[in-house]
Amino acid sequence: MTATPISDAARASGQWNQAWDEAAVLDPEWMEKFLDMATLPVRKGLIDPKTYEFLAIAVDASCTHLYSPGVKRHIAKALDLGATPEEVMAVLQAVAVLGIHSVALGAPILGNEMKARGLSAANPKGE
């Protein structure tokens with residue numbers, strides 16, 4: 001087992017944020033503790049993975065953050081976990097009270113992720 005199993009798992013699962021690379025090199029112990037704290041609710045089973053992705057979408061799409069790579073990564077993961085486009089849009093709408101920019105950022109990403117899965121806005125369930 002490595003000294004950074006949570007970081008290693010994040011990298012292997014595609015949940016690693018490349019913006020963390022330098023911090024992980026400079027202080028891998030701190031990065032491991034940060035990820036330990038950030039992922040604890042899911043690892044303990046307190047929040048299901050889809051709900052965690054919804055929270056991550058809300059944080060990354062919020063007008064105070066507007067972190068597009070994170071929004072894309074977490075929307076993709078939420079859809080992969082069975083979230084519907086309507087659920088993702090509801091998260092974006094809920095965070096929009098912080099600023100309409102959240103929806104402007106997230107809706108095109110949701111549209112791209114829907115297209116990648118053969119879904120359309122007219123038929124978001126693919127029926």
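**Notebook: pocket, helices and a few residues**

I started with the largest pocket, and its volume comes to about 700 Å³. Of the 27 residues in its lining, I noted those closest to the centre: Gln-15, Trp-20, Thr-39, Tyr-52 and His-74. A reminder to myself on the method: rolling a probe the size of a water molecule over the atoms shows where empty space is left. Here a pocket is an open set of points on a 1 Å grid over the protein atoms alone, where a 1.4 Å probe fits, with protein on both sides within 12 Å along at least five of seven lines; lining residues have an atom within 4 Å of a point. The volume is the space filled by probe spheres set on the points, which are joined across faces, edges and corners.

Before going on, I wrote down that this is a predicted model, where local features need pLDDT of at least 70, side-chain atom pairs count only at pLDDT 80 or more, and totals for chains, interfaces and linings use all residues. Residues are numbered from 1 along each chain as its sequence is written, and side-chain values use heavy atoms, with hydrogens and water left out.

**Who lines the pocket?**

Which helices each supply at least two residues of the lining? I found H1 (5-13), H3 (28-43), H4 (49-61) and H5 (68-80). Sorted by class, the lining has 16 nonpolar, 6 polar and 5 charged residues. For the classes, Ala, Val, Leu, Ile, Met, Phe, Trp, Tyr, Cys and Pro count as nonpolar, Asp, Glu, Lys and Arg as charged, and the others, Gly among them, as polar.

**The overall fold**

I counted 7 helices and 0 strands, so the pattern along the sequence reads α-α-α-α-α-α-α. Helices (H or I, at least four residues) and strands (E, at least two) are DSSP runs, numbered from the N terminus. The C-alpha atoms fill a box of roughly 50 × 30 × 25 Å along the principal axes. Of the 127 residues, 35% count as buried (under 20% relative accessible area; exposed is over 50%, partly exposed in between, with a 1.4 Å probe and protein chains only).

Next I looked at H5 and H7 (residues 101-116), whose axes come within 10 Å and cross at roughly 45 degrees. That makes H5 oblique to H7, and their crossing is right-handed. Axes are lines fitted to C-alpha atoms, for helices over the stretch in contact, and angles run from 0 to 180 degrees between N-to-C directions. Angles under 35 degrees count as roughly parallel, over 145 as roughly antiparallel, 65 to 115 as roughly perpendicular and the rest as oblique. Right-handed means that the near helix is turned clockwise from the far one by less than a right angle.

I then took H4 and H6 (residues 85-95): their axes come within 9 Å and cross at roughly 40 degrees. H4 and H6 are therefore oblique to each other, and this crossing is right-handed.

**Single residues**

Is Val-88 buried or exposed? Val-88, in H6, is buried at 0% relative accessibility. Its C-alpha is 9.0 Å from that of Gly-106, 18 residues apart along the chain.

Ile-109 sits in H7 and is buried because its relative accessible area is 11%.

Glu-29 in H3 is exposed at 52%. Leu-66, in the loop between H4 and H5, is partly exposed at 36%, and its phi is near 45 degrees, a positive value in a residue other than glycine.
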